[in-house]
Structures are given as structure tokens and as C-alpha cells.
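Me: Hi! Could you walk me through this structure? I'm new to this.

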Amino acid sequence: MKNLVLFDIDGTLVTPGAVPMDCFREAFSKVTGRSLPTELEPHGKTDPLLVREAFRMVGIPKRDWVEMEQKILRKYPRYLERRDRELRDSCRLLAGVESLLAFLQSRGCPMGLLTGNLELAARLKLEVFSLNRFFPVGGFGSDCADRNRLGRVALERAIRFYDNRFAPEKTWIVGDTPRDVEAARALGCRSLVVATGPCSRDFLEEFLPDASFDDLGQVGSIVEVLSKF
């Protein structure tokens, strides 16, 4: 199996619990002196985009955005690192994840990440379940605020690491929100979604992914889909 598969993290591989958002909230408050808006919707967005949306909501002047954003995005993963034990207690591995990843690896399937998380935050979440070994490369929120550009970043890194010129049409993005489907379209690759995040399967199917499942526990069927094309 030689198709490249890029995985989202939150809601797809793990449910991280409240600790990451608590740390994000703490970093935002420390730098800006203001509370993170409760109406901020995080699902499927990059960490830098969340910061910018919050700036708009609380009225931070644009002239201060660059400096404040850099400070927040430095502090947030440090706070998360400090609360590693709490993260381990609250983070949950989603159904079928380890079995699917182990099977894909045994079949020689090249894998990577495509996530809005900063890379350090992504690695901390995955390390709770020793999943980093499956993902030598990826595209992260620390690379770009625009999720639709991260697929190209992940693809180019995978090409270099695996020494294989993967075609976009031979690449899959696996996620749990419409933004994962959009990212796949932006790259010209295929999308597989699971209803283990904030969205129901019926809702996700309205965005016309190439495949959808209730979760990643249907390993045989999912591998069959990811092997196509």
C-alpha cells in the first residue's frame, strides 16, 4: 500500500480533554490581559487562526497582533508541557486508532499529520499514547495559519522523507470536520471523515467527502478505502 495518508489529531485520533484549551486560555490571558472569548469555536482551525479570531472578538488593535500572537504561541505549548500529567489523565484514544495505524504501518503505508495544532502541542498529545512513531512528518499550525495550505507542506515533507513523489490524487486526508474535506480539496487529494469529533456523519456527508465512517474501528473497510486509486 503506497498511498500517502495524512491524519488530523483532535477528534480523529484522540480526544484531548480540557487541558489544552485551558493552557491556550491561560496563555491568551497572560499576554493580552483579557479572557479568551467563550464563543470562540476551535474545531478544525489552526492555533494561529484561533488567536487572530480571539483578537478580533476582544478588540486587540491590529498593530499589536504579530507580537502578541508570537508570545501566545510560545507560551501555550510550554504551559501544556508543564501539565503533562493532567493531559495524560484527560486525553482519550479514539476507537480503532492504534489498530489501524499499526496495520497501515505493517503494510508499508507512508503516513503523516495534517493538523491545526502547533507541532509541539501535536507531539505532546500523541506522545500520551506513543503514537508519534507512526508520523515522522506533517503539516502543522506552526507552519501556517491557513489550514488549506498545510496539505502542501505535509506533502512536500513526506516526499522528501519517504523519497517518493506522492501525487495528490494518491493522497488521503483523514479528519473529523468539514475543514478536513476543504483541505483535501485544496490539495487535490481525497478525504475520509469520521464522526468522532463535533460533527455527525450525516452532517459531514453534506460536504461530499470521498468516504465516511462512524469511527476508525472498522479497520478492514477503512484500509480497503485507503488502498483505492
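Reply: Happy to! β1 pairs with strand β4 (residues 111–114) in the parallel sense, over three bridges. Strands are DSSP runs of E with at least two residues, helices are runs of H or I with at least four, both numbered from the N terminus, and two strands pair if DSSP finds at least two bridges between them. This is a predicted model: local features need pLDDT of at least 70, side-chain atom pairs count only at pLDDT 80 or more, and totals for chains, interfaces and linings use all residues. Residues are numbered from 1 along each chain as its sequence is written, and side-chain values use heavy atoms, leaving out hydrogens and water.

Me: Which residue in β4 does Phe-7 stand opposite?
Reply: Phe-7 stands opposite Leu-113.

Me: And how many bridges join β1 and β6?
Reply: Four, again in the parallel sense, and β6 covers residues 171–175. Leu-6 has Ile-173 as its bridge partner there.

Me: Which residues does Asp-8 touch?
Reply: Not counting residues up to four places away in sequence, they include Leu-13, Leu-114 and Arg-147. Contact here means heavy atoms within 4.5 Å.

Me: What about Leu-13?
Reply: Leaving aside neighbours within four places in sequence, Leu-13 is in contact with residues including Phe-7, Phe-135 and Leu-216.
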